[in-house]
Amino acid sequence: MEHHEWRRVLWKKQPFPDNYVGDSFLRVSKKRKELSLCEACHGALSVTHEICSCLGLVVIFFGISESHLNSACVLTLTATMGVGGYIITRTKLITSVRDDVKVACFYMVLIACASPIIKSLTGSVATDSINASTTFLLLLRLAVHDYGTEVAIVNPTVSHNVGLFASVCLASRLESDLDVFTLMTVAVTFFTLFPSFRRYFQNQLGYRWSMVVTLVVAVITVSGVLLYAPHLLLLFLIALFVCNFLIPLLYVSLQGYKQNIYGPWDEAQIEGR
Amino acid sequence: MDSGCVSLLVPKQLQGHKDAFLRGTFASSASAEQNRTAYVIVVTRTDVSCDASVGYISNKPNMKSDPRTSSVWVTLRTHSHVSLTSLKILGQPVPLSEVNLVFYDLNEICQSELISRKYPYVKEKDHANDVVPYFIHCVQSDAKEHHPKRRNELLLLLLWAVVRLFLAVSWMPKILFEAFHSFLRNHLDYSSSFLQQILLRICQIKKIQDDVRAGKSSLLCGRLLTMIAIDVLAGVCVACIISSYASVGDMYSSFCSWTKLLAATVHRLLDWLSGAPAGLKLNQPLTQALSAFFSYHVHLWILYLELADPVLRGVAWVLVWVGMCGASVQVAILSDLLDLATLHLHCFYIYGARLYNLQTSLLGSQWRAFRGRKWNPLKQRVDTYDAGGAISLRRVLTAVVFTLVVFLLPTTTIYYLVFVLLRISLKLARGLLAGIVWALNINPLYLVLLNISGSNRVKGDIYFSTLTDQQQGEAVEGNCEGPLLLSLCTWPSSLSHILTDASPNTFPSRPSPNWSFILSSIMFGEHLL
């Protein structure tokens with residue numbers, strides 16, 4: 001009489017014959033985490049943020065190089081945003097205020113000293129090469145950025161450094177030292193400080209507030225593109241649509257086909273990085 | 001030589017000899033076959049007295065001779081041709097079919113100097129089975145005891161006097177040269193080929209003096225003498241030819257103008273580079289700065305040549321006449337002068353190499369940091385390294401430095417390439433001159449002449465051949481009772497064999513460049529060429 005559930009242990013006396021094979025014999029597990037459409041869309045918000053910051057950099061570059069934007073204004077705006085973000089996230093930081101101020105000053109001085117050198121860096125490179133390489137580098141940054149999952153392709157160092165490389169390529173096209181310094185500061189703010197800020201408030205706020213903030217960021221970026229780089233508008237809208245609706249829809253509809261069986265034949269996975 | 005138990009070596013010079021006693025040595029050891037003893041008997045010369053003899057020449061048939069008290073007794077017949085009549089060992093007659101009778105040429109073995117080097121004699125070895133070294137040793141020691149060479153006294157005395165005079169004159173300069181040479185080598189890392197050549201020449205003359213004092217005129221001594229003679233002759237010829245075309249002053253002026261032309265060419269090249277030629281992607285401010293710096297240095301170089309003109313003129317006059325010591329010294333002086341004249345190019349190369357090395361090492365380390373990796377010197381491998389966590393400005397430094405180095409890379413590489421090419425061409429020229437000096441130093445003309453004239457002194461190889469019936473003049477078909485007849489002939493040893501045997505103090509080794517070092521030094525600029 002099989003009123004007990006067969007367990008794969010040797011120390012228990014079970015009322016089954018010795019050659020009984022139960023369901024749990026092979027320890028096969030079929031892991032499948034099903035995501036709903038809402039969760040997929042929520043995950044796509046980080047990607048939207050990144051796309052917006054990359055395009056924001058390009059927009060500011062176009063604005064400054066065509067003298068629509070005043071670099072002093074942009075600089076003050078970026079500085080206030082940076083300081084504001086720092087004050088907001090102060091509670092989560094482990095380093096002291098003095099160390100942070102020291103580090104920030106050091107990097108400001110570094111970028112200020114490097115600006116004249118950067119200005120003359122690509123004098124002999126054609127504009128087409130610069131445009132092509134910037135596009136490629138920003139796409140690479142989007143591809144390897146850390147959006148919160150742990151996949152093999154993710155490499156936060158490469159994504160950050162590639163972003164700065166692209167911004168140096170762009171900044172070397174500008175005319176005056178102040179312009180270069182402004183663009184570099186904007187790039188550092190967008191690529192170094194903004195992702196950690198985003199991670200902070202995504203942990204603190206709920207789903208709805210994240211949606212609202214993302215919407216605000218997207219609207220600001222669209223208006224900037226309209227004003228200073230209208231030729232990129234279509235590209236941006238297509239990218240937004242694909243990233244926020246098409247891909248999650250595709251993922252949710254196709255995830256039923258995923259059948260992974262994990263068993264004792266797999267290599268042992270070491271937990272954590 | 002295993003077919004018989006006894007090997008008997010007899011000189012060919014005994015043919016037609018009158019009756020006499022035979023002198024020689026013999027040895028025995030256990031043979032390869034069981035329970036048999038192998039013997040080797042070497043007959044070296046003849047003597048009228050019969051003490052310590054190993055045999056007897058007897059041309060009269062049927063004449064028996066008493067074996068006396070020696071353990072072996074050989075009886076030979078020398079008329080018409082040498083043949084073995086009988087052989088007794090320890091009183092027992094040995095059947096002739098077990099004897100290997102070998103004929104050798106006494107003069108060849110005695111006069112050869114290389115043969116004992118090829119077959120070195122070691123005591124206590126298995127002589128009866130390994131016959132050749134023992135045989136050579138016996139013949140040559142016997143010759144040394146009984147036939148001291150007669151020397152041409154007058155010639156030797158003259159040579160001795162000349163060599164002593166030269167060594168006495170050059171005693172003081174030698175010490176100075178050696179001190180200077182070691183100073184240059186240790187502190188400035190520069191090996192002057194002129195000093196090397198002079199010291200080598202003095203060393204060789206000292207070797208000649210040693211040989212002459214020992215009273216033997218060996219191959220080495222003859223070779224050195226020939227080489228030095230040819231060298232001095234060539235040097236005098238070259239000096240006469242050049243002085244018939246131009247004086248020392250003219251030569252110096254032409255040398256100076258050549259150097260100034262080189263400086264002007266380098267200056268023009270730097271000017272061209274500072275104009276940022278299209279296609280080379282040079283960074284404008286950097287290339288202008290580098291070009292200005294190097295142009296100023298070239299200007300200093302030309303100034304230096306003009307200022308040092310009178311002093312260098314006197315030095316050149318001295319050096320040309322010192323070159324009468326030999327053509328190799330002249331070539332060495334030329335090589336050193338080439339280095340001295342292009343000293344500033346050497347400086348440029350060092351600047352360019354250091355800059356390039358800084359750049360490549362920065363590039364390597366920053367490229368690794370760019371990808372989030374770091375070189376672990378403890379474990380000699382590349383590890384992942386995350387700089388500082390989520391909020392970190394440290395990565396900004398890496399990105400900025402990497403970008404700067406990547407964009408400035410073409411400029412510094414072009415300058416480095418220019419100077420490295422100049423340096424390599426100078427090194428090639430220097431290597432060529434060093435090769436000429438080496439060829440003059442190992443001049444094998446003496447050995448080649450000896451080889452062609454068939455002299456016995458260069459014979460270093462031995463081979464055996466069987467004697468044909470015609471040489472014996474006696475019908476020996478089907479004669480299984482007689483001994484095995486062999487003839488031992490010598491062959492001149494190969495030239496490369498003799499040359500590689502020479503001692504490194506008197507003959508320099510072949511200059512061979514270390515290719516992997518050269519390539520790695522060009523690629524990374526870490527070690528200087």
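Which residues of chain A are linked with A:Glu50 in a network of salt bridges? The network is made up of A:Glu50, A:Arg141 and A:Arg198.

## Confidence of the prediction

For the complex, the predictor reports an ipTM of 0.82 and a pTM of 0.76. The average pLDDT of chain B is 81, and 89% of the residues in this chain score at least 70.

The highest mean pLDDT, 90, belongs to helix H12 (residues 343–370) of chain B, and the lowest, 52, to helix H15 (residues 469–472) of chain B. Where pLDDT is low, the predicted coordinates should not be read in detail.

Chain B contains 17 helices and 12 strands. Its length is 529 residues, of which 39% count as buried. The accessible surface of chain B amounts to about 29,100 Å², and carbon and sulfur atoms contribute 64% of that area.

Sequence separation gives a further view of the chain. Considering the contacts in chain B with a separation of 6 or more, 74% are between residues 24 or more positions apart.

## Paired strands in chain B

Strand S2 (residues 21–30) of chain B pairs with strand S3 (residues 37–47) of chain B; the two run antiparallel and are joined by 10 bridges. Within this pairing, B:Phe21 is placed opposite B:Asp47 of S3(B).

S2(B) also pairs with strand S4 (residues 55–57) of chain B, again in an antiparallel arrangement, through 2 bridges. Here B:Leu22 has B:Gly55 of S4(B) as its bridge partner. In a regular strand the side chains alternate between the two faces of the sheet.

## Salt bridges in chain A

Over all chains, the whole structure holds 9 salt bridges. One of them joins A:Glu50 to A:Arg141, with 2.7 Å between the closest N and O atoms. This pair links distant parts of the chain: A:Glu50 belongs to helix H1 (residues 37–65) of chain A and A:Arg141 to helix H4 (residues 127–144) of chain A, 91 residues apart. A:Glu50 counts as buried because its relative accessibility is 0%, and A:Arg141 likewise counts as buried at 0%.

Another salt bridge connects A:Lys119 with A:Asp177, the closest N and O atoms being 3.8 Å apart. It too links distant parts of the chain, since A:Lys119 is in helix H3 (residues 97–119) of chain A and A:Asp177 is in helix H6 (residues 177–204) of chain A, 58 residues apart. Both partners are partly exposed: A:Lys119 has a relative accessible area of 32%, and A:Asp177 has one of 36%.

## A salt bridge in chain B

In chain B, B:Asp336 forms a salt bridge with B:Arg430, whose closest N and O atoms are 3.3 Å apart.

How values were computed: Residues are numbered from 1 along each chain as its sequence is written. Chains are lettered from A and ligands numbered from 1 in the order in which they are written. This is a predicted model: local features need pLDDT of at least 70, side-chain atom pairs count only at pLDDT 80 or more; totals for chains, interfaces and linings use all residues. Side-chain values use heavy atoms; hydrogens and water are left out. Helices (H or I, at least four residues) and strands (E, at least two) are DSSP runs, numbered from the N terminus. Buried means under 20% relative accessible area, exposed over 50%, partly exposed in between (1.4 Å probe, protein chains only). Contact means heavy atoms within 4.5 Å. Accessible areas come from the Shrake-Rupley method with a 1.4 Å probe; for residues, only the protein chains shown count as cover. A salt bridge is a side-chain nitrogen of Lys or Arg within 4 Å of a carboxyl oxygen of Asp or Glu. pLDDT is the predictor's confidence in each residue, from 0 to 100. Two strands pair if DSSP finds at least two bridges between them.
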